[in-house]
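Subject: Structure handover

Hello,

Here is the structure for you to take over. My notes on what was found in it follow below.

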Amino acid sequence: MENKTEKDVVLSVKDLRVWFELKKFGFGSSGFVRAVDGVNFDLHNRESIAIVGESGCGKTSLMKTILGLYKPREGSITYLNKNISKFQKSDLKWYSSQVGYVQQDPFDAIAPFMSIRKILEEPLIINGVKNKKEREDRIRNVLDEVRLTPVDDFIEKYPHMLSGGQQQRVVIARAIILQQHLLVADEPVSMLDASVRVEVLRLLEKLQEKYGLAVIYITHDLSTVRYFSERIFVMYAGRLVEKAPVDDLLANPKHPYTIALLTATSEPDAANAKVYKEIPPGEPPSLVHPPPGCRYHERCSKKIEGLCDVKEPSEFDVGNNHLVSCWLYK
Amino acid sequence: MINNKENANKINKNVLSIKNLYLYFKTHAGNVNAVDNVSFDLKKNEAVVVLGESGCGKSSLVKAILRILPRNTSRYDGKIYLGEDETMCMSEEEYRKKIRWKRMSLVSQAAMTSLNPVLKVGSQVIEPLVIGQKMPKDKALDIAKEMFQNVGVPLDFIGRYAFELSGGMRQRVAIAMALITSPDLVILDEPTSALDVLTQCNIMNLLKRIKKEQDASFILVTHDIATSSELATRVVVMYAGEIIESCDADAFFTRPMHPYSQKLMASVPKLHGKDELEFIEGKPPSLIGLKPGCRFAPRCEKRHGNCSQMPPVTGNGDNFVKCWLYVSSKGE
Ligand SMILES: Nc1ncnc2c1ncn2[C@@H]1O[C@H](COP(=O)(O)OP(=O)(O)OP(=O)(O)O)[C@@H](O)[C@H]1O
Ligand SMILES: Nc1ncnc2c1ncn2[C@@H]1O[C@H](COP(=O)(O)OP(=O)(O)OP(=O)(O)O)[C@@H](O)[C@H]1O
Ligand SMILES: [Mg+2]
Ligand SMILES: [Mg+2]
């Protein structure tokens with residue numbers, strides 16, 4: 001990574017909290033699900049980051065808030081120095097033409113009754129591309145770009161006629177057809193077979209380079225991140241517990257949770273069957289009543305009594321642009 | 001380290017032997033050749049992993065082995081030996097009494113949702129004993145408690161309902177249920193693919209321990225190649241309804257033979273190292289109206305003239321491959 005200055009910042013997330021209210025019957029609330037609870041990061045121009053974490057840690061909630069679909073309870077999100085909470089209707093339209101979204105499940109993402117042409121034409125119409133010929137050209141270009149070729153074979157088809165990998169490419173086509181600057185991809189490959197997964201990851205990588213997109217790639221699979229991202233953020237129970245350049249994080253993980261994730265991630269090796277892996281006990285904590293102190297302390301073999309179970313760790317810089325929220329590094 | 005008891009005469013005995021197994025389904029468009037002339041053996045204490053892309057017939061193979069046949073089955077034949085017993089010719093009655101859940105059990109792809117929502121998990125786990133073997137309930141519950149401890153489910157969960165448990169705990173309950181009769185063979189169809197890595201890792205630790213301590217044999221069906229290496233002693237690769245390679249795990253994860261297996265291995269993302277990931281152009285053939293010849297040939301970079309004909313199986317015993325590249329070399 002070259003020197004990244006403040007000027008390069010595309011997206012800035014500050015002290016973000018996204019809580020969902022648990023409704024009781026009748027009136028009132030019986031608490032909150034603290035899905036995102038104090039998240040900070042900057043994303044730079046042309047930079048691609050990965051957010052890794054287990055199911056339910058708040059990845060999708062964080063993304064949907066960045067997309068403007070959920071309101072933050074606290075904190076702010078600024079895109080090109082504009083606070084997205086303050087957006088008017090016309091700003092929102094502009095914002096949606098800036099940010100592309102590839103969601104977890106391609107089957108949910110596209111309307112089954114629309115042809116591929118219709119699916120891709122919709123965002124163009126909404127964003128005021130009035131000329132039919134121009135729309136058609138852009139649709140054909142983008143299909144070519146995502147390798148749904150020959151284009152004539154695909155443009156009239158309906159989603160159910162496509163394989164999972166092809167459907168996901170339609171979703172990607174839609175996420176870049178307005179020449180977006182930021183792409184948010186939420187588990188774009190987790191529903192796909194190994195080989196198809198590689199194909200889609202390589203496509204995303206190519207598009208990122210070609211158009212200089214900033215990308216947020218969300219995944220629960222650490223083994224796919226290094227093919228595609230410059231920095232990794234590890235998320236646990238609503239917070240980012242470690243942020244580092246990919247190579248540094250994979251070679252030098254600091255947070256005990258990151259270490260556990262790396263240990264648990266298998267590589268194809270027959271020797272695996274001959275050893276047991278050391279894995280922390282238990283499960284992630286409730287987001288309604290998160291434990292005091294570090295949210296990981298109940299599962300952590302290195303916890304410092306009287307500190308980790310009492311006080312939330314601050315973020316420590318261990319050098320090399322590597323930040324970790326863990327008292328072991330104070 | 002896990003040392004398996006080396007017991008020569010046990011090791012050489014086949015727990016399961018499958019010969020020329022077929023399972024076809026009837027549809028409007030024609031017959032789906034989901035399992036198409038499959039043969040392989042499984043020895044005591046082996047864990048055979050069945051790998052392959054979505055739709056290649058893995059779950060159908062499991063159904064065929066366990067005789068769970070859909071209504072539109074149009075062809076089901078071949079030979080399946082469980083130890084000495086030939087199971088395919090047994091009556092349904094005999095099969096249910098002697099085999100299913102007793103000597104062969106299943107942890108299914110949908111185990112997360114297949115636990116009965118209105119039964120407490122304890123009552124559900126003892127079903128194979130109480131209904132299958134007419135064991136008194138209190139005695140069965142004692143065994144269930146032992147089983148729960150074994151798979152790491154806290155004992156007070158025995159009176160809970162499935163929806164009150166996390167996905168990982170539910171999967172452990174399903175495994176407890178599959179093990180409660182100490183079957184000769186446990187078949188697991190994608191047991192961890194819906195789970196998080198840490199939970200998945202815990203379950204794999206559990207399976208390793210059961211394999212070692214109870215001398216159990218496994219068939220593990222999955223498309224997750226990296227995770228499969230946590231248990232595999234042997235790998236069987238399926239493509240378009242056929243087994244195209246069977247290979248010891250040590251050899252497979254370093255030197256797979258079939259061009260398809262090689263491509264599959266090259267598509268596995270790795271945490272470390274700098275290899276470019278590869279993918280396979282094109283897609284698997286439809287299992288309806290299959291063309292003659294090698295089924296992988298249209299996508300194979302190494303195809304040549306012979307490949308328009310069906311390749312023979314070459315190799316010996318448990319290590320074999322179905323590919324023309326291995327045919328001419330003498331002695332093979
Ligand atoms: N709209 C909502 N209302 C209430 N709770 C919600 C809502 N959306 C998410 N949650 C809860 O917030 C927590 C975080 O959910 P989220 O979907 O962000 O997790 P995730 O990291 O994306 O998980 P996965 O990997 O399973 O997709 C979960 O406990 C979830 O149940
Ligand atoms: N009852 C049925 N009738 C018709 N076709 C079926 C039936 N069951 C399965 N098939 C088809 O048979 C083929 C093999 O299906 P199977 O479920 O065995 O695949 P799989 O390898 O387990 O895939 P996955 O990894 O997605 O679970 C698929 O093409 C499937 O659509
Ligand atoms: Mg999610
Ligand atoms: Mg299946």
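This is a predicted model: local features need pLDDT of at least 70, side-chain atom pairs count only at pLDDT 80 or more; totals for chains, interfaces and linings use all residues.

**Helix H12 of chain B**

H12(B) is mostly covered, with 6 of its 8 residues buried.

The buried residues of H12(B) are B:Pro259, B:Tyr260, B:Ser261, B:Lys263, B:Leu264 and B:Met265. As a general point, an α-helix has 3.6 residues a turn, so residues three or four places apart point the same way.

B:Ser261 is one of the buried residues of H12(B), a helix that spans residues 259–266 of chain B. The relative accessible area of B:Ser261 is 0%. Since buried means under 20%, B:Ser261 counts as buried. What does the side chain of B:Ser261 make a polar contact with? The partner is the side chain of B:Glu245, at 2.7 Å. Not counting residues up to four places away in sequence, B:Ser261 touches B:Val237, B:Ile244, B:Glu245, B:Phe252 and B:Pro256.

**Chain B as a whole**

The secondary structure of chain B comes to 12 helices and 12 strands. Its radius of gyration is 20 Å, close to the 20 Å that the globule rule gives for 332 residues, so chain B is as compact as a globular protein of that length. Taken along the principal axes, the C-alpha atoms of chain B fill a box of roughly 65 × 50 × 45 Å.

Of the 332 residues in chain B, 53% count as buried. Among the contacts in chain B with a separation of 6 or more, 62% are between residues 24 or more positions apart. Chain B exposes about 14,800 Å², and carbon and sulfur atoms supply 51% of that area.

**Chain A as a whole**

For chain A, the secondary structure comes to 10 helices and 12 strands. The radius of gyration of chain A is 21 Å, close to the 20 Å from the globule rule for 330 residues, so chain A is as compact as a globular protein of that length. The box filled by the C-alpha atoms of chain A is roughly 70 × 55 × 50 Å along the principal axes.

Buried residues make up 55% of the 330 residues in chain A. Of the contacts in chain A between residues at least 6 apart in sequence, 63% join residues at least 24 apart. The accessible surface of chain A comes to about 15,100 Å², with 49% of it belonging to carbon and sulfur atoms.

One residue picked out in chain A is A:Thr219, in strand S8 (residues 214–219). Is A:Thr219 buried or exposed? At 3% relative accessibility, A:Thr219 counts as buried. Leaving aside neighbours within four places in sequence, A:Thr219 is in contact with A:Ile51, A:Val52, A:Gly53, A:Lys59, A:Glu187, A:Thr224 and A:Val225.

**Aromatic rings**

In chain B, B:Tyr161 and B:Phe163 form an aromatic pair that is stacked, 6.0 Å centre to centre with 10° between the planes. B:Tyr161 is partly exposed, with a relative accessible area of 28%, whereas B:Phe163 is exposed, with a relative accessible area of 61%.

Back in chain A, one aromatic cluster is formed by A:Tyr79, A:Phe87, A:Trp94 and A:Tyr95.

**Charges over rings**

In chain A, the charged end of A:Arg34 sits over the ring of A:Trp19, 4.2 Å from the ring centre. In chain B, the charged end of B:Arg75 sits over the ring of B:Tyr24, 5.4 Å from the ring centre.

Regards

How values were computed
Residues are numbered from 1 along each chain as its sequence is written. Chains are lettered from A and ligands numbered from 1 in the order in which they are written. Side-chain values use heavy atoms; hydrogens and water are left out. Rings of Phe, Tyr and Trp (its six-membered ring) pair if their centres lie within 6.5 Å; planes under 30 degrees apart count as stacked, over 60 as edge-to-face and the rest as tilted. Buried means under 20% relative accessible area, exposed over 50%, partly exposed in between (1.4 Å probe, protein chains only). A charge sits over a ring if NZ of Lys or CZ of Arg is within 6 Å of the ring centre and within 35 degrees of the ring normal. Helices (H or I, at least four residues) and strands (E, at least two) are DSSP runs, numbered from the N terminus. The radius of gyration is taken over C-alpha atoms; the globule rule is 2.2 Å times the number of residues to the power 0.38. Contact means heavy atoms within 4.5 Å. Accessible areas come from the Shrake-Rupley method with a 1.4 Å probe; for residues, only the protein chains shown count as cover. A polar contact is a pair of N or O atoms within 3.5 Å; within protein, one must be able to donate a hydrogen and the other to accept it, and residues adjacent in sequence count only if both atoms are side-chain atoms.
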